[in-house]
Amino acid sequence: MPFDPIDPRAQIKLVAVDMDGTFLDDHGLIPDAAWPLIERLQEREIAFVPASGRQYAKLSGQFARLEHALTFIAENGSLVMRGGTEISSEPIDEALLAEVLTLLESTEPALLDALVRCAANTAYIQDPSAEFAAAIAPYYASTQLVPTVAEPSDPSLKLAIHAPGHSAAVAALLEPVSHKIQVVISGENWVDLMNLGVHKGLAVQNLQRSMGIGAQHTVVFGDYLNDLQMLRSADYSFAMANAHPEIRTAARFRAPKNSEHGVLQVLEQWLDASATLNNFAG
């Protein structure tokens with residue numbers, strides 16, 4: 001499908017990409033053509049940043065051949081890692097965490113069996129059903145079984161609830177604590193809880209400050225509601241053709257579907273056009 005090109009004169013320094021429904025294909029895989037594309041970006045000293053609700057261990061495994069050359073925005077912005085080193089994290093207050101778990105236990109205790117408690121190095125779950133185990137496999141490479149998700153003592157960055165077919169209903173259930181903790185429908189089957197004000201957009205803005213760049217130097221691609229704030233942090237904000245309607249409204253530009261490798265199409269066209277422009281100017 002046609003797409004909106006990036007101005008070849010744009011001085012891009014940062015490219016942030018959502019994973020599922022955006023950068024990954026419909027089989028959840030990184031396209032083979034992505035690796036030379038990332039190398040081209042790196043040759044131009046442009047930071048390529050995977051930005052996902054996925055666990056850092058999962059992201060770093062997917063990009064193992066480039067792990068120490070990349071910055072990762074994991075857990076929907078609550079953890080940022082570069083070269084295996086933590087850049088920032090946003091742990092949830094323990095008292096607030098206990099309040100959320102108590103609310104779930106008192107209203108829908110079955111949800112605790114569908115909850116992932118995300119720490120920096122692992123994710124805690126109660127004994128999972130086969131369906132739940134299959135559901136978390138694409139997103140979590142490091143998990144640990146616990147008798148109850150209230151048990152672990154290390155800081156939690158995010159809570160993720162698997163709610164197939166009723167994520168909006170689960171989000172509504174959490175309305176009593178929504179003024180204290182951020183409740184995000186991050187996919188058709190997932191609800192994420194993080195500190196207020198923590199999202200992929202905040203992580204991108206922090207990276208922009210650390211790099212001394214602005215929105216005019218940033219390209220962002222996304223498809224779902226947890227990408228909304230990230231899109232607002234970039235002048236070149238792209239919604240995938242398969243994106244949620246709200247994301248298509250919020251983004252300034254359109255990219256082809258993830259199944260058509262839309263991110264690669266847009267970036268390759270810009271790299272080619274800007275190289276031609278620079279050669280002509282030279």
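Modeller: Let us begin with the naming, since helices and strands here are DSSP runs, a helix having at least four residues and a strand at least two, and both are numbered from the N terminus. Please also keep in mind that this is a predicted model.

Colleague: With the naming settled, which strand gives the most to the lining of the largest pocket, and with how many residues?

Modeller: The general idea is that rolling a probe the size of a water molecule over the atoms shows where empty space is left. In this structure, strand S9 makes the greatest contribution to the lining of the largest pocket, namely three residues. That pocket has a volume of about 710 Å³, and among the elements that give two or more residues to its lining are helix H1 (19–23), helix H5 (130–136) and strand S10 (181–187).

Colleague: Which residues lie nearest the centre of the largest pocket, and how does its lining divide into nonpolar, polar and charged?

Modeller: Of the 31 residues that line the largest pocket, Asp20, Tyr139, Ser186, Gly187 and Glu188 lie nearest its centre. The lining divides into nine nonpolar, 12 polar and 10 charged residues.

Colleague: How much space lies in the second largest pocket, and what lines it?

Modeller: The second largest pocket holds about 160 Å³ of space. Its lining has 13 residues, and Ala47, Phe48, Ala69, Leu70 and Thr71 are the closest to its centre. By class, the lining of the second largest pocket consists of nine nonpolar, three polar and one charged residues.

Colleague: A cavity must be read in another way, I suppose; what sets it apart from a pocket?

Modeller: A cavity is a space where the probe fits but cannot get out, whereas a pocket is open. By this rule, and counting those of 30 Å³ or more, there is one cavity, and the space in the largest cavity is about 30 Å³. Its lining is made up of Gly77, Val80, Ser88, Glu90, Leu202, Ala203 and Asn206, which by class are three nonpolar, three polar and one charged residues. Helix H7 (residues 200–211) gives the most to this lining, with three residues.

Colleague: Which residues of helix H2 are buried, and where do they lie around its axis?

Modeller: In H2 (residues 34–43) the buried residues are Ala34, Trp35, Leu37, Ile38 and Leu41. They cover an arc of only 160 degrees around the axis, which puts them on the same side of H2. Glutamate 45, which follows H2, has a positive phi near 60 degrees.

Colleague: May we end with single residues? Is alanine 51 buried or exposed, and what does it touch?

Modeller: Alanine 51 lies in the loop between S2 and helix H3 (56–62), and it is buried because its relative accessible area is 0%. Not counting residues up to four places away in sequence, alanine 51 touches Val17, Asp18, Met19, Ile73, Lys200 and Met230. Along the chain, alanine 51 and methionine 230 are 179 residues apart, while their C-alpha atoms are separated by 9.0 Å.

Colleague: And how should I read glutamate 99?

Modeller: Glutamate 99, which has its place in helix H4 (residues 94–107), counts as partly exposed at 32% relative accessibility. Leaving aside neighbours within four places in sequence, glutamate 99 is in contact with Val177 and Lys180.

Methods: Residues numbered from 1 in each chain as written. Predicted model: local features only at pLDDT ≥ 70, side-chain atom pairs only at ≥ 80, totals over all residues. Heavy atoms only, no water. 1 Å grid on protein atoms, 1.4 Å probe; cavity = no way out; pocket = protein on both sides within 12 Å on 5 of 7 lines; lining within 4 Å. Points joined across faces, edges and corners; volume = space filled by probe spheres on them. Nonpolar A, V, L, I, M, F, W, Y, C, P; charged D, E, K, R; others polar. Buried < 20%, exposed > 50% of the residue type's maximum accessible area, 1.4 Å probe, protein only. Contact = heavy atoms within 4.5 Å. Arc of directions from axis to C-beta.
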